[in-house]
Amino acid sequence: MSTRPHKTPGPDHPISVTPTSGRVVARVGDTVVATSTSAQTLQESTYPAVQYLPLADVDPALLRKTATTSWCPYKGEASYYSLTVDGAELTDAVWTYEDASPAVAPITGHVAFYPDRVSVTVED
């Protein structure tokens, strides 16, 4: 885990991680890039909920890890992947916390998608 200071979620900035009921499907246009029945829903403060899918449930032929990283004091250091779908590259459209902070440990090894580039739906 990073040596940067981590913040603990609390009443002023709540975060919850719960298993998602149903199947989560991520699409770029008509192309399914991921499908999972083992997703986690992360709800952070007043932000929209985010679906985190196991990396193993993403089509590996579409993924390319990039050198991009970012820091969240509540979740840790994120790394990124680009998706290539139908010859078009969506740079850094996917992020992951490979060593998530203890408060959000269930998202370790899972990925999330930027909603302006990838459509993510939960199906019953």
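Which strands each supply at least two residues of the lining of the largest pocket? Strand 4 (40-44), strand 5 (50-54), strand 6 (63-72) and strand 7 do, a strand being a DSSP run of E with at least two residues, numbered from the N terminus.

## Basis

This is a predicted model, in which local features need pLDDT of at least 70 and side-chain atom pairs count only at pLDDT 80 or more, while totals for chains, interfaces and linings use all residues. Residues are numbered from 1 along each chain as its sequence is written, and side-chain values use heavy atoms, without hydrogens and water.

## Nonpolar cores

The largest nonpolar core has 19 residues. Such a core is a set of buried Ala, Val, Leu, Ile, Met, Phe, Trp, Tyr and Cys residues joined through side-chain atoms within 4.5 Å, where buried means under 20% relative accessible area (1.4 Å probe, protein chains only). Val28, Val33, Leu83, Val94, Phe113 and Val118 touch the most other members. At least two residues each come from strand 2 (23-28), strand 3 (31-36), strand 7 (76-85), strand 8 (88-96) and strand 9 (110-113).

A second, separate core of 14 residues includes Val17, Trp95, Ile107 and Ala112.

An open sheet runs in the order 3-2-10 with antiparallel pairing; two strands pair if DSSP finds at least two bridges between them. Strand 3 and strand 10 (119-123) are the edges, each with a single partner strand, so one side of each has no neighbour in the sheet.

Five bridges join strand 2 and strand 10, and Arg27 stands opposite Ser119 in strand 10.

Methods:
Buried means under 20% relative accessible area, exposed over 50%, partly exposed in between (1.4 Å probe, protein chains only). Helices (H or I, at least four residues) and strands (E, at least two) are DSSP runs, numbered from the N terminus.
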